[in-house]
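Student: I would like a close look at a single part of this model. Please keep to what can be computed from the atoms.

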Amino acid sequence: MLRQLAVLLLGHAQAEESVLYPALAAANEKAHAEIGYNEQALVKMQMALLETLPPMSQVFMDKLDHIEGAVLHHIYEEEGTWFPELQEKGEAQVTLTRRFKEEFERYVG
Ligand SMILES: [Fe+2]
């Protein structure tokens, strides 16, 4: 369960960091791309910490809650602001969609 969550989260991050954030930066939204990279780096660090905690302990559940909050906030920014910006100003939308899918599937399988 946690393994699956980690694979999905990291696959999503991998695809965004290789395809969507560079396109966002190229569309003159470099600041938003940088926030995206930073937030995803923080989530990766928290996920790595989570793996070291005793499963289902209180510290584990607290860490998981924290990660959930961070991911929800991140998705809110992406769906609410960054990706609409990319849709409006970005080049080659069809290529971006295809490349995103390729990267995601390469990681998630
Ligand atoms: Fe993301």
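Predicted model: local features only at pLDDT ≥ 70, side-chain atom pairs only at ≥ 80, totals over all residues.

Tutor: Residues are numbered from 1 along each chain as its sequence is written, and side-chain values use heavy atoms, with hydrogens and water left out.

His-74 is buried, with a relative accessible area of 5%; buried means under 20% relative accessible area, exposed over 50%, and partly exposed in between (1.4 Å probe, protein chains only). His-74 (NE2) coordinates the iron ion together with His-12 (NE2), Glu-16 (OE), Gln-40 (OE1) and Glu-78 (OE), at 1.9 to 2.7 Å. Donors here are N, O and S atoms within 2.8 Å of the metal (3.2 Å for Na, K and Ca); water is not among the atoms, so the site may look incomplete. Along the sequence the donor spacing is H-x3-E-x23-Q-x33-H-x3-E. His-12, in helix 1 (residues 2–26), and His-74, in helix 3 (residues 58–89), lie 62 residues apart. Helices (H or I, at least four residues) are DSSP runs, numbered from the N terminus. His-12 is partly exposed, at 21% relative accessibility.

Helix 3 bends by about 45° at Glu-78, the bend being the angle between axes fitted to the seven residues ending there and the seven starting there. Buried residues of helix 3 include His-74, Glu-77, Glu-78 and Trp-82. The buried residues of this helix pack against helix 1, helix 2 (30–52) and helix 4 (93–108).

Key
Helix = DSSP H or I, 4+ residues; strand = E, 2+ residues; numbered from the N terminus. Contact = heavy atoms within 4.5 Å.
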